[in-house]
Amino acid sequence: MEASTFRALGEPSRLRIVEALRHGPASVGELAEVLEIRQPQVSKHLRVLGEAGIVVVEPVARHRIYRLDEEPFEQIVHWVDSFERLWDARLNSLERYLDSVRRAAETE
Amino acid sequence: MITQLFKKKKDLNFERTYEAPVEAVWQAWTQAEQLREWWGPENTTIVECEIDPRVGGQIRVVMEAGEGMGKYAGTRWPLAGTISHIEENARLTYDARSWTEGKEETTTIHHVNDLTLTEEGGVTVLKLNISITSIGSEAKMAAFGMKWGYKQQLDTLAEFLSKGI
């Protein structure tokens, strides 16, 4: 898990921008209007979100349109998957342990 | 593919059957000297292990990565928990935190673990539910909330993200 993902999301305005982008791609102007944040502030936050790989920008006609990138979200999923795999391995390990206890008791 | 990823739950459920009496499985979980024998996956060692099996009792387990884990060698992953419910040979519930030592702020995961054991004809059925409640700070909560929190919103997000690919 990238700490930068969490840091980028940790600022309330940036989180609101991400929340807004969940409804669909938007331009700086649209975000500024919806969130009632000044445009230069929105641009600044979008830059941080872009650096963290959360938001990507695409030119559409003469506008720059921002949208969420799936990659950081996949990282979160992968991180949880690793937790799940750990538990799978651990429960298999418990089986081997119980078998070894039983074998030890049988040979006594 | 993205849609599938986003449909994952924050609840992990495991069910296993062990050819052992329920008492043996219970002891493996609740006695530190037994727990340390199986808790760590391959290439890890358990460097600390304490469990106080009573309501309010503490669980503390520290795993350390061995040489076989390459760049992670020497990394320690502590778990600290408090038992909230205990019924001998039947059920163990504990709230816990797990993290990577030295990176507590960014790696802490909070989880509630509910273990139930039932014995039928000499085999023991183990059910384990792990509910991930948060991953630490508010920011991480937010990240998780977006991933899992509100299903309807998530589906919208998944749908949206899948369009762009």
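1. Basis of the model. The model is a predicted one, in which local features need pLDDT of at least 70 and side-chain atom pairs count only at pLDDT 80 or more, while totals for chains, interfaces and linings use all residues. Residues are numbered from 1 along each chain as its sequence is written, and chains are lettered from A and ligands numbered from 1 in the order in which they are written.

2. Chain A overall. Chain A contains 5 helices and 3 strands, where helices (H or I, at least four residues) and strands (E, at least two) are DSSP runs numbered from the N terminus; their order along the sequence is α-α-β-α-α-β-β-α. Of its 108 residues, 27% count as buried, a residue being buried if 20 or more other C-beta atoms lie within 10 Å of its own, exposed if 12 or fewer, and partly exposed in between, with C-beta atoms placed from the backbone. Among the contacts in chain A with a separation of 6 or more, 49% come from residues 24 or more positions apart, two residues being in contact if their C-beta atoms, placed from the backbone, lie within 7 Å.

3. Chain B overall. Chain B has 6 helices and 7 strands, and its pattern reads α-β-α-α-β-β-β-β-α-β-β-α-α along the sequence. Its 165 residues include 26% that count as buried, and residues 24 or more positions apart supply 41% of its contacts with a separation of 6 or more.

4. Helix 3 against helix 4 in chain A. The axes of helix 3 (residues 28-35) and helix 4 (residues 39-51) of chain A come within 9 Å and cross at roughly 115°, the axes being lines fitted to C-alpha atoms, for helices over the stretch in contact, with angles running from 0 to 180 degrees between N-to-C directions. That makes helix 3 of chain A roughly perpendicular to helix 4 of chain A (angles under 35 degrees count as roughly parallel, over 145 as roughly antiparallel, 65 to 115 as roughly perpendicular and the rest as oblique). The contact is made by A:Val28, A:Gly29, A:Leu31 and A:Ala32 on helix 3 of chain A and by A:Gln39, A:Val42, A:Ser43 and A:Leu46 on helix 4 of chain A. By class, this contact has 5 nonpolar, 3 polar and no charged residues (Ala, Val, Leu, Ile, Met, Phe, Trp, Tyr, Cys and Pro count as nonpolar, Asp, Glu, Lys and Arg as charged, and the others, Gly among them, as polar).

5. Helix 2 against helix 3 in chain A. Helix 2 (residues 12-21) of chain A packs on helix 3 of chain A at an angle of about 110°, with the axes 11 Å apart, and the two helices are therefore roughly perpendicular to each other. A:Arg16, A:Ile17 and A:Ala20 of helix 2 of chain A meet A:Leu31, A:Val34 and A:Leu35 of helix 3 of chain A, a contact with 5 nonpolar, no polar and 1 charged residues.

6. Nonpolar cores. The largest nonpolar core has 23 residues, and those with the most contacts inside it include A:Leu98, B:Tyr18, B:Val25 and B:Leu126; such a core is a set of buried Ala, Val, Leu, Ile, Met, Phe, Trp, Tyr and Cys residues joined through C-beta atoms within 7 Å. Among the elements giving two or more residues to this core are helix 5 (71-107) of chain A and helix 2 (22-30) of chain B. Leaving aside neighbours within four places in sequence, B:Val25 is in contact with A:Leu98, B:Tyr18, B:Ala20, B:Leu117, B:Thr124 and B:Leu126. Apart from this core lies another, of 16 residues, among them A:Ile17, A:Val18, A:Ala26 and A:Leu49.

7. A:Tyr66, in strand 3 (residues 63-68) of chain A, is buried, with 24 other C-beta atoms within 10 Å, and its C-alpha atom is 5.4 Å from that of A:Ala26, 40 residues apart in sequence. B:Val123, in strand 7 (residues 123-134) of chain B, counts as partly exposed with 14 C-beta neighbours inside 10 Å; its C-alpha atom is separated by 5.4 Å from that of B:Ala20, 103 residues apart along the chain.

8. Positive phi values. A:Glu36, which is not a glycine, has a positive phi of about 55°; this residue is found in the loop between helix 3 and helix 4 of chain A and is exposed, with 7 other C-beta atoms within 10 Å. B:Asn89, likewise not a glycine, has a positive phi of about 65° and is found in the loop between strand 4 and strand 5 of chain B, where B:Asn89 counts as partly exposed with 17 C-beta neighbours inside 10 Å.
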